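Dear colleague,

Please find below the structure that I am handing over to you.

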Amino acid sequence: MTTEIKPFKIRDIEINPPLILSPMAGVTDVSFRDERPFAVQIFGGQPERMRMAAEMAEEIGADILDVNCGCPAPKVVKHGGGSGLLKDYERLQTILTEIKKAITIPLTIKIRAGFYDHDINAVETAKLAEGCGVEHIALHGRTKEQGYRGIANWDLVKQIKETVSVPVSGSGDVTTIERAFARFRETSCDGVLIGRGAMANPWIFRQIEDVMHGRKVFEPMLADKRAILHEYFDMLREDMPETPAINRMKQLAGQFTRGLQGGALFRTSLYHSHSVEEILNRIEEYFEAIENGRPYFGEAGTPVEEASELDSCEAAGAV
Ligand SMILES: Cc1cc2nc3c(=O)[nH]c(=O)nc-3n(C[C@H](O)[C@H](O)[C@H](O)COP(=O)(O)O)c2cc1C
């Protein structure tokens with residue numbers, strides 16, 4: 001395993017370590033992430049509204065403005081936004097040029113491999129973006145048509161890296177320390193984005209950094225997992241009304257307890273909870289049992305049908 005992973009810069013903003021929490025609408029909100037630098041990602045298909053949104057993001061103190069060119073949600077694509085921009089270069093160019101004129105913070109872009117499976121155009125999109133003054137390109141190597149199926153094509157990250165001179169990062173399927181190192185090594189990319197892997201294991205960034213510095217890899221104890229669930233729930237409750245906070249909590253806890261003993265039963269009991277107090281009690285009961293090596297039997301509810309994966313940026317409201 002190599003440790004040849006270096007920080008990089010988006011203009012004068014150092015990305016160190018070169019690991020980025022991937023944007024996930026409905027998940028990576030302010031509660032999930034309160035570290036700087038932070039990028040605000042906007043999406044939409046109307047140049048004028050996009051320019052206004054970009055100006056607002058700069059005004060509220062964003063360090064970086066990112067344009068979403070990957071969202072596959074029909075309600076976003078319908079208006080020409082998200083991955084729709086990958087098949088409408090004129091619109092994309094206008095949006096990027098207008099935004100570039102309006103803001104002073106760095107403009108970045110997150111793209112997919114292409115819109116259609118038969119038209120992989122990520123390298124062309126990257127070139128166009130660079131020409132419009134974009135200062136970092138992140139690629140999720142799946143097409144819009146592909147959605148979240150199959151595996152991400154990291155060879156395209158390599159090709160973009162060889163083509164443009166701005167920094168390039170890759171996204172898709174990095175769920176382990178080993179995979180992160182392999183993707184850096186294979187593609188010479190500047191950064192790696194981690195999305196779903198960070199939901200299941202929020203310590204993954206720290207663990208990768210441990211390896212980079214030759215330190216013993218941090219292994220969370222059950223107590224750490226319990227603590228982080230509480231912490232996240234507290235932050236959610238500060239941020240939003242009770243019902244959405246409870247729903248987000250269920251979503252995160254679902255991802256987070258995969259593979260833990262009794263995790264499926266715990267998720268079922270959370271899905272059946274309807275108040276903050278109930279959620280807190282369930283967390284306590286569950287961890288109390290497994291931390292003491294006791295089996296967890298959950299509550300008597302019927303098991304819920306679990307979504308195997310959270311789905312894309314459906315949770316987002318169109319700009
Ligand atoms: C629930 C969810 C929401 C997402 N929302 C966004 C989004 O708003 N903007 C974006 O650029 N990508 C979004 N993505 C895509 C991720 O940023 C990432 O590129 C993709 O999930 C692949 O990386 P991963 O395998 O590390 O999750 C979303 C993905 C998920 C699972």
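The protein chain has 319 residues and a radius of gyration of 20 Å, which agrees with the value near 20 Å for a compact globule of that length. The radius is taken over C-alpha atoms, and the globule rule is 2.2 Å times the number of residues to the power 0.38. Please note that this is a predicted model, in which local features need pLDDT of at least 70 and side-chain atom pairs count only at pLDDT 80 or more, while totals for chains, interfaces and linings use all residues. Residues are numbered from 1 along each chain as its sequence is written.

Overall organisation

Along the principal axes, the C-alpha atoms fill a box of roughly 60 × 45 × 40 Å. The secondary structure consists of 12 helices and nine strands; these are DSSP runs (helices H or I, at least four residues; strands E, at least two), numbered from the N terminus. The chain is divided into domain 1 (8-212) and domain 2 (222-317), with bounds that come from an automatic or database domain assignment. The C-alpha centres of the two domains lie 29 Å apart.

Of the 319 residues, 42% count as buried. A residue is buried if 20 or more other C-beta atoms lie within 10 Å of its own, exposed if 12 or fewer, and partly exposed in between, with C-beta atoms placed from the backbone.

The nonpolar core

The largest nonpolar core has 77 residues, and Leu 65 and Ile 137 have the most contacts inside it. Such a core is a set of buried Ala, Val, Leu, Ile, Met, Phe, Trp, Tyr and Cys residues joined through C-beta atoms within 7 Å. Helix H10 (residues 242-256) gives the largest share of this core, six residues. Both domain 1 (8-212) and domain 2 (222-317) give residues to the core, so it lies between them.

Beyond its neighbours within four places in sequence, Leu 65 is in contact with several residues, including Ala 39, Val 40, Ile 99 and Leu 107. Two residues are in contact if their C-beta atoms, placed from the backbone, lie within 7 Å.

Helix H3 (residues 89-102) reaches 20 Å from its first C-alpha to its last, close to the 20 Å expected at 1.5 Å a residue; the expected span is 1.5 Å times one less than the number of residues. Leu 92, Ile 95, Leu 96 and Ile 99 are buried in H3. Seen down the axis of H3, these buried residues fall within an arc of 95 degrees, so they line one face of the helix. The arc is that of the directions from the helix axis to the C-beta atoms. Glu 90 and Lys 101 are exposed on the other side of H3. The buried residues of H3 pack against helix H1 (47-59), strand S5 (64-69), strand S6 (107-114) and helix H4 (122-131).

Helix H12 has 16 residues and spans 22 Å between its first and last C-alpha, close to the 22 Å expected. Its buried residues are Ile 279, Arg 282, Ile 283, Tyr 286, Phe 287 and Ile 290. They cover an arc of only 115 degrees around the axis, which puts them on the same side of H12. On the other side of H12, Glu 277, Glu 284 and Glu 288 are exposed. Helix H9 (222-239), H10 and helix H11 (263-271) are among the elements that cover the buried residues of H12.

Yours sincerely
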